[in-house]
There are 4 protein chains.
Amino acid sequence: MANSKYEYVKAFEQPDILLPNTWIVVRIDGRGFHKLSDRYAFKKPNDRRALDLMNAAAVEVLKDLSDLVIAYGVSDEYSFVFHPTCDLFDRRSAKLVTTIVSTFTAHYIYQWGNYFQDTPLQSPYLPSFDGRAVMYPTTKNMRDYMSWRQVDCHINNLYNTTFWTMVLQGGMSNTDAERELKGTVSADKNEILFKMFGINYNNEDEMLKKGSVVFRQYQLEEVKSDPKTVQGQEEEGTSVPEKVSKSQQEKIRRLRRKAQVVVEHVDIIKDDFWQQRPWILSGKPGKLPVRA
Amino acid sequence: MANSKYEYVKAFEQPDILLPNTWIVVRIDGRGFHKLSDRYAFKKPNDRRALDLMNAAAVEVLKDLSDLVIAYGVSDEYSFVFHPTCDLFDRRSAKLVTTIVSTFTAHYIYQWGNYFQDTPLQSPYLPSFDGRAVMYPTTKNMRDYMSWRQVDCHINNLYNTTFWTMVLQGGMSNTDAERELKGTVSADKNEILFKMFGINYNNEDEMLKKGSVVFRQYQLEEVKSDPKTVQGQEEEGTSVPEKVSKSQQEKIRRLRRKAQVVVEHVDIIKDDFWQQRPWILSGKPGKLPVRA
Amino acid sequence: MANSKYEYVKAFEQPDILLPNTWIVVRIDGRGFHKLSDRYAFKKPNDRRALDLMNAAAVEVLKDLSDLVIAYGVSDEYSFVFHPTCDLFDRRSAKLVTTIVSTFTAHYIYQWGNYFQDTPLQSPYLPSFDGRAVMYPTTKNMRDYMSWRQVDCHINNLYNTTFWTMVLQGGMSNTDAERELKGTVSADKNEILFKMFGINYNNEDEMLKKGSVVFRQYQLEEVKSDPKTVQGQEEEGTSVPEKVSKSQQEKIRRLRRKAQVVVEHVDIIKDDFWQQRPWILSGKPGKLPVRA
Amino acid sequence: MANSKYEYVKAFEQPDILLPNTWIVVRIDGRGFHKLSDRYAFKKPNDRRALDLMNAAAVEVLKDLSDLVIAYGVSDEYSFVFHPTCDLFDRRSAKLVTTIVSTFTAHYIYQWGNYFQDTPLQSPYLPSFDGRAVMYPTTKNMRDYMSWRQVDCHINNLYNTTFWTMVLQGGMSNTDAERELKGTVSADKNEILFKMFGINYNNEDEMLKKGSVVFRQYQLEEVKSDPKTVQGQEEEGTSVPEKVSKSQQEKIRRLRRKAQVVVEHVDIIKDDFWQQRPWILSGKPGKLPVRA
């Protein structure tokens with residue numbers, strides 16, 4: 001029996017190839033995590049277990065997809081970044097996004113028990129994530145995206161820390177705390193924390209203040225004083241228009257798999273982070289650290 | 001600290017709204033399931049546990065997303081169908097696809113142990129799925145898509161059944177079996193099975209021959225002899241152009257959640273299936289079955 | 001000298017193929033025609049010459065592109081409709097739209113002098129048009145689009161006729177006429193025209209009241225009383241999913257070129273128009289009128 | 001009479017906004033110019049009148065759309081380039097492309113008589129053009145696109161010059177000339193021209209060898225020896241992510257309109273052209289030339 005009578009339906013598939021030579025950011029977000037965090041009694045304002053689980057899943061995604069050069073996570077969201085030279089799945093958007101979402105979900109569910117030992121998942125209330133891809137034409141645009149997320153992390157965490165301290169330690173109602181914080185700036189919140197509760201926000205956990213940065217670890221480079229360096233790297237990285245050959249790509253992938261994927265809680269807004277780790281913007285594997 | 005300096009990056013997000021009044025099929029496929037089935041020793045040519053797990057995950061997806069009207073699964077693929085009137089997530093393609101992929105993956109991983117009791121998952125080799133959305137403008141196009149998948153199911157299963165019977169029962173090498181089957185039509189394969197191994201393909205498991213159809217169960221309608229009925233239902237279903245109001249949609253969702261989601265292994269190529277279950281093409285909930 | 005070094009830039013072209021089996025409406029609009037109509041002293045509220053020129057250009061577009069089945073024009077806009085089975089330029093959106101826009105513009109400029117004999121074009125103030133393509137999945141959706149434009153024509157023409165009569169015959173200022181008409185419904189405007197100026201709007205020019213419908217003329221069919229007829233034609237027309245072969249398409253094009261392209265000012269909201277001219281919705285050439 | 005019943009059809013329009021911060025190239029091509037050039041007896045291999053008419057139309061497009069920074073034309077094609085910071089028509093692709101195609105067509109038809117004084121246009125055989133937009137993320141990609149077109153110009157013109165010289169001066173048949181040229185490289189063609197016909201290709205018309213470059217003329221800058229200059233300008237030009245305010249854009253447009261739009265036949269592959277005219281890559285108006 002031939003299938004030709006119905007095969008015409010394949011013609012309805014529409015291509016969704018992302019523009020070449022652009023950074024691809026795949027951002028995933030927890031679906032209904034507000035409700036979910038209630039159901040599984042996540043701690044307020046931050047549940048260390050939940051964040052560690054997010055990071056563990058993200059690390060597995062980077063290990064699985066060696067074309068990813070960096071990821072950044074905060075709360076129930078994670079942003080994964082493909083280099084402009086990436087040609088994985090011919091840059092088909094749905095394929096890239098669903099592969100990341102599914103791999104992340106698989107590891108999140110699989111490892112849940114390691115982090116929530118006393119709180120087993122209850123079907124059908126399982127965590128899940130949605131995602132989408134966004135293209136950024138220049139390194140500056142991509143870095144500004146990352147800075148946007150890290151600034152957002154800071155703003156939200158300062159607010160949430162202050163709010164929940166007022167509620168949990170200060171005994172205020174949610175409504176009162178909300179009213180009190182309305183219109184305050186960062187300095188006000190720092191002061192409330194310090195004056196009323198003796199909390200120095202600077203001493204809070206770096207993971208909460210900075211979010212989590214996931215990348216492959218190679219030998220750090222010294223930061224050069226030349227402010228043009230980062231831009232120069234951009235040129236080197238993104239101006240190579242010709243497709244890298246399939247065999248070269250495979251070689252790069254092999255080299256990347258040898259590097260350790262690490263999670264750090266550091267500033268990614270300033271240049272230092274990127275200058276010390278030129279392999280992220282160049283897309284080329286760095287030198288593996290010498291092990292003692 | 002304001003975030004306005006970086007917020008411009010939001011402008012790079014591009015809309016991906018699917019055309020209104022079209023059927024949306026979200027098809028997901030197992031990633032690298034050939035390798036995976038070796039790792040977890042799936043039985044050849046079909047592993048009942050793997051198929052049951054696929055179906056269990058699909059049922060949860062339909063329960064979760066009441067906007068889905070039907071799904072069809074075979075092997076490591078599943079197609080989920082949204083009605084033309086569906087307005088879930090404003091019909092954003094990436095949101096619809098990733099939600100299905102993630103929910104499916106979550107339940108697949110979570111329920112793995114129920115089906116593969118002696119074969120625990122081994123990280124990082126976790127099952128995952130990719131997916132994409134395709135629009136079909138008419139009911140005929142959508143049904144032809146479904147028919148295409150079911151014909152494919154038949155063709156592949158007949159081939160695989162014959163091939164693996166030749167190898168496992170007939171002691172042939174893979175290469176010999178492949179060579180033997182080259183150029184054969186269905187009748188030839190039926191004959192090989194019957195004459196050489198005494199197997200009547202018609203007696204094989206319906207799930208393997210027909211695949212799995214997942215939908216909400218209401219009271220079946222009698223099939224009318226009028227051949228126009230199905231088309232008529234289409235008109236009723238898809239010709240309502242005006243957006244259904246949000247409150248009406250919510251009501252429809254509530255009604256749908258009351259219906260049981262079932263898995264059947266039946267013919268969806270002929271009209272009967274669709275005529276008996278008019279709620280699928282109309283998108284309107286049917287009558288709940290009277291319980292004795 | 002080989003060109004391979006730069007040819008990689010071709011990979012940046014992204015496909016823009018319109019979904020198969022959908023109606024394609026290409027709508028074009030005059031660019032800055034408000035200013036332009038002042039510069040060339042178009043008569044208010046309607047300039048017959050300008051409308052005739054629009055129609056003349058539209059007729060040439062239909063003659064040139066035999067894949068078009070109907071067009072509708074009002075004021076400085078025109079909507080051109082391709083049948084769902086149309087495969088012209090592989091349904092590439094930009095190619096379809098720009099071909100129509102350019103062909104229309106060429107004839108509009110070329111024939112300007114025939115209609116504006118005493119008002120030559122003055123470079124660089126030349127008329128030009130922009131355009132875009134919209135897909136409609138069902139015949140009902142496409143007809144509703146056409147009805148939308150014709151209702152709009154009616155609303156605008158009644159308003160403009162009343163407004164300009166008040167200004168030009170009634171000696172009111174633009175501002176006063178505008179204020180007077182604010183919040184009025186059709187009946188009010190009809191009454192103003194009739195009571196104040198003795199004008200029966202029904203007697204106005206059909207072209208102004210109904211706009212212009214352009215199509216290929218075959219022998220009219222009798223209107224059947226069966227209200228399902230039009231829908232039935234839709235089914236017949238759009239449910240044929242298989243691609244029409246290239247040679248069949250060429251044959252259909254040849255047949256179409258034999259038919260005369262006509263401009264009529266008739267109601268296209270009710271069923272009659274479509275029932276009498278089944279070739280429009282079916283996409284198949286009708287019978288050429290018998291010439292006496 | 002309200003129009004709300006049909007207005008839902010507007011929801012079928014899908015957005016087509018081009019990615020911010022990318023170069024936009026709108027390329028237009030003559031429709032069926034092979035046939036057209038026969039009909040109007042264009043001279044072989046190049047018809048100076050036709051090329052001058054193309055250039056005249058392109059100049060008008062640049063004058064009309066001050067957001068264009070450069071255009072390049074050869075034969076019956078023209079490429080128009082918008083700067084990455086361009087926000088015209090909110091970067092809607094169809095609007096940008098059709099506006100250029102229509103404006104170009106209007107001037108081409110309008111000015112035909114100035115260039116083809118003895119060959120009036122014959123309706124319905126009017127010239128028309130199709131077009132499409134392509135995005136290039138970096139200045140290098142955009143310049144490589146321009147280089148691709150100029151190299152193509154050279155390759156085609158050398159071939160055509162040699163071919164038509166062999167046919168028109170050498171009395172060869174088309175087939176013989178074609179066969180003779182098969183497999184030849186540039187050097188071979190130069191030699192054929194020189195040895196057989198005494199033609200030094202270098203002395204051919206610059207317009208034919210280089211194509212036509214259209215841009216706004218400001219005071220040229222001295223070429224700096226620093227090879228980084230052009231790249232540096234790119235950074236300056238494209239790294240400004242923030243939207244330029246509407247009033248600033250209007251100011252820039254006014255300044256641009258003061259500059260003269262010129263047509264030159266020069267090399268745009270090497271850096272010199274771009275270094276001397278930094279306003280093209282920066283998108284910022286240069287200094288108007290001092291007039292004696």
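Begin by selecting chains A and B together: four salt bridges are counted between chain B and chain A, a salt bridge being a side-chain nitrogen of Lys or Arg within 4 Å of a carboxyl oxygen of Asp or Glu. Select A:D64 and B:R31 next, a pair that forms a salt bridge with its closest N and O atoms 3.4 Å apart. This is a predicted model, in which local features need pLDDT of at least 70 and side-chain atom pairs count only at pLDDT 80 or more, while totals for chains, interfaces and linings use all residues. Residues are numbered from 1 along each chain as its sequence is written, chains are lettered from A and ligands numbered from 1 in the order in which they are written, and side-chain values use heavy atoms, with hydrogens and water left out.

Now show the whole interface, where 55 residues of chain B are in contact (heavy atoms within 4.5 Å) with 55 residues of chain A.

Then turn to chain B and colour its open sheet of six strands, ordered β4-β1-β3-β2-β5-β6 with antiparallel pairing; strands here are DSSP runs (E, at least two residues) and helices likewise (H or I, at least four), numbered from the N terminus, and two strands pair if DSSP finds at least two bridges between them. β4 (129-136) and β6 (260-264) of chain B stand at the edges with a single partner strand each, so one side of each has no neighbour in the sheet.

Zoom in on β1 (residues 23-30) of chain B, which pairs with β4(B) in the antiparallel sense over eight bridges, and select B:D29 to find its bridge partner in β4(B), B:D130.
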